[in-house]
Amino acid sequence: MRLYRGENIDRFESGKIGTAWSDQEETAKTFASGLNAVGKGGVILRTLAPADAIIAGPSNHSANWLRENEFTLNTRRLGKLEQTQRLPPRF
């Protein structure tokens, strides 16, 4: 499944990647340009997550209330990560 994450560049460069991902690139951009845009800024990551990396799919709250479609992943099971966009620091 193709999934996206809005991560902090400093965290990403140090090998730390969060477990919350979305099937919507726009959701990842919201986080990469907002809460995760500290330090060097944010980065949008994209991956093709294998089924065994997906711990949980979106909850009703995530899908229907927040509209984030948040998937929880085991990041140790992910393959290649692509950086689709880097965003400048916000804070």
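This is a predicted model: local features need pLDDT of at least 70, side-chain atom pairs count only at pLDDT 80 or more; totals for chains, interfaces and linings use all residues.
Reader: Why does Phe 71 count as buried?

Author: The test is a cut-off: buried means under 20% relative accessible area. Phe 71 has 8% relative accessibility, so it counts as buried.

Reader: What does Phe 71 touch, leaving out residues up to four places away in sequence?

Author: Its contacts include Met 1, Leu 3, Thr 19 and Ala 20. Trp 21, Ile 54 and Pro 58 are also among them. Take Trp 21. Phe 71 and Trp 21 are 50 residues apart in sequence, yet their C-alpha atoms are 5.1 Å apart in space.

Reader: Which strands pair with E5?

Author: Look for bridges, then for the sense of the pairing. Strand E2, residues 20–22, pairs with E5 in the antiparallel sense over 3 bridges. There, Ser 22 stands opposite Glu 70. Strand E4, residues 54–56, also runs antiparallel to E5, and 2 bridges join them. Ala 56 has Thr 72 as its bridge partner in E5.

Reader: Now E3. Is that strand mostly covered or mostly uncovered?

Author: Count the buried residues. Strand E3 spans residues 42–48 and is mostly covered, with 5 of its 7 residues buried.

Reader: How many bridges link E3 to E1, and how many link E3 to E6?

Author: Take each pairing in turn. E1, residues 2–8, pairs with E3 over 7 bridges, in the antiparallel sense.

Reader: Why does Thr 47 count as buried?

Author: Apply the cut-off again. Thr 47 sits in strand E3. Its relative accessibility is 2%, so Thr 47 counts as buried.

Reader: What lies 3.0 Å from a polar atom of the Thr 47 side chain?

Author: Check the backbone as well as the side chains. The backbone oxygen of Lys 80 lies at that distance, 3.0 Å. Lys 80 is also among the residues that Thr 47 touches, not counting those up to four places away in sequence. Others on that list include Met 1, Trp 21 and Leu 78.

Notes. Residues are numbered from 1 along each chain as its sequence is written. Side-chain values use heavy atoms; hydrogens and water are left out. Buried means under 20% relative accessible area, exposed over 50%, partly exposed in between (1.4 Å probe, protein chains only). Helices (H or I, at least four residues) and strands (E, at least two) are DSSP runs, numbered from the N terminus. Two strands pair if DSSP finds at least two bridges between them. A polar contact is a pair of N or O atoms within 3.5 Å; within protein, one must be able to donate a hydrogen and the other to accept it, and residues adjacent in sequence count only if both atoms are side-chain atoms. Contact means heavy atoms within 4.5 Å.
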